[in-house]
Amino acid sequence: MSVDELRPNQGFSKHFLWGAATAAHQVEGGTHNQWTVWELENAKVRAAQAQYHYNDYASWERIKVAAKDPDNYVSGNLADHYNRYEEDFALLKQMNMNAFRFSVEWSRIEPSEGVWDVAAIKHYRQYVESLKKKGIEPVMTLFHFSLPIWFTDKGGFEHRRNVAYFTRFAEKIVRELGTNVRLIITINEPEVYATESYYHQNWPPALRSKYKWWRVVNNMAHAHRQAAKAIHSLNRRYKVSIAKNSNFFYPGDDAWVSRLSTAIMQYAQDDYFLKKVARQCDFLGVNYYFSNRVYGYRIHNPDQRMSDVQWDMHPADIQYVLERLDRKYKLPIIITENGLADAEDTHRQWWLKETIVGMQKAMRHGVELQGYLHWSLMDNFEWAEGKWPRFGLASVDYNTGQRSLRPSARWFGRVLKKIRGV
Ligand code: BGC
């Protein structure tokens, strides 16, 4: 579909935020946090188990060499975004974007308890100044899955008393960066973090405890509320939210049991957490990746069009996610993540087009949508999967550090040029 056929300029205001997202540990390189330790301890095992984890993926033949290599599971220097961020901001400009979501790495800013690293703070100050100078709105995340080791040694979010450390960090970095940052995400995908780390045993500390899962989820809700309060008391004009994972559930048939369990699953995923924090959110950050089809009590997906990480792709369903959250919470929404692993760039343009149309429909139905941030600006470290999944609008060659926009990203840039009239 051509840019003109898409009618991209319908519905999007000139203030709409168009951009891409990243997270510190996934792009910066050279971090030292609870993940760094975990990767080194587990790389060999993950590589040895690759066949078991991924051999039923449609992408297996293409990914197997990388997936069996222990180096895939160690973040190391990655694309060295920490030092080469100017190159990456240039990619945003090349795509005619006006927003960028990133996270600040707590373990750099407070490497030991109560000790602030002046150089790291200065780094992030320059980083956001550079974005502002380029006319790019920064969207800053405070916790995107990586934590200082001293904090996890104390039990991290397992204990309510530890929340105070997070609040202190939030207040410190927001104060230091001043009003250059206006949009702040306190916590990224709280239940994904809790489930992978405290139930599925895929992420550090790799525990399996329903009780700890529950404690961590509730403490993160408390952490959001406390951090939002602290940030607002610095300046009421800060706009604070979480980035909520929200996939879409739909019944596979008309049976009452399928419809009922669909509603329960959607509620458990979205509303259990959101109800605890919505009053302390100025907008809603939403991460949408896939939909789940429910038959009876189970999820059974059609598996028709799969991304490289074997997720069923239903980009147009973003409309329903937006409409539901709008109805329930009546807050402005920013899509803080949305995208796909697609190394060969076969589906990304289609995905973007479907997503744009889905957003337009939602806005026509009254949703106050203020921004779209694609995951991700560039290929990055996909947590337990490591480096083989390629989510980037820009591809990265990890040997040379070379970044290049994929064809779909160039297309997206042309669409944005038209929408934004730049
Ligand atoms: C996370 C990102 C991750 C992406 C793709 C989200 O769950 O916030 O860190 O890379 O999904 O899996």
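Modeller: Ala99 stands opposite Glu137 in β3. The model is a predicted one, and the strand to be described here is β2, residues 99-103. Its pairing with β3, which spans residues 137-143, is made through five bridges, and the two strands run parallel. Strand β2 also pairs with β1, again in the parallel sense, over three bridges. Within that pairing, Arg101 of β2 is the bridge partner of Ala21.

The side chains of β2 may be considered next. Ala99, Arg101 and Ser103 point one way from the strand, while Phe100 and Phe102 point the other way. Residues on either side are buried. Because five of the five residues of β2 are buried, the strand is largely enclosed by the rest of the structure. Buried here stands for a relative accessible area under 20%. By contrast, Tyr211 counts as exposed because its relative accessibility is 55%. Tyr211 is found in helix α11, residues 210-234, and together with Trp214 and Tyr272 makes a nonpolar surface patch of about 340 Å².

Helix α14 covers residues 348-364, has 17 residues and reaches 24 Å from its first C-alpha to its last. Among its buried residues are Trp351, Leu352, Ile356 and Met359. After α14 comes Gly366, whose phi is positive, near 100°.

Key:
Residues are numbered from 1 along each chain as its sequence is written. This is a predicted model: local features need pLDDT of at least 70, side-chain atom pairs count only at pLDDT 80 or more; totals for chains, interfaces and linings use all residues. Side-chain values use heavy atoms; hydrogens and water are left out. Helices (H or I, at least four residues) and strands (E, at least two) are DSSP runs, numbered from the N terminus. The expected span of a helix is 1.5 Å times one less than its number of residues. Buried means under 20% relative accessible area, exposed over 50%, partly exposed in between (1.4 Å probe, protein chains only). Patches are made of residues with over 30% relative accessible area and no salt bridge: like charges are joined within 9 Å, nonpolar side chains (Val, Leu, Ile, Met, Phe, Trp, Tyr) within 5 Å. Accessible areas come from the Shrake-Rupley method with a 1.4 Å probe; for residues, only the protein chains shown count as cover. A salt bridge is a side-chain nitrogen of Lys or Arg within 4 Å of a carboxyl oxygen of Asp or Glu. Two strands pair if DSSP finds at least two bridges between them.
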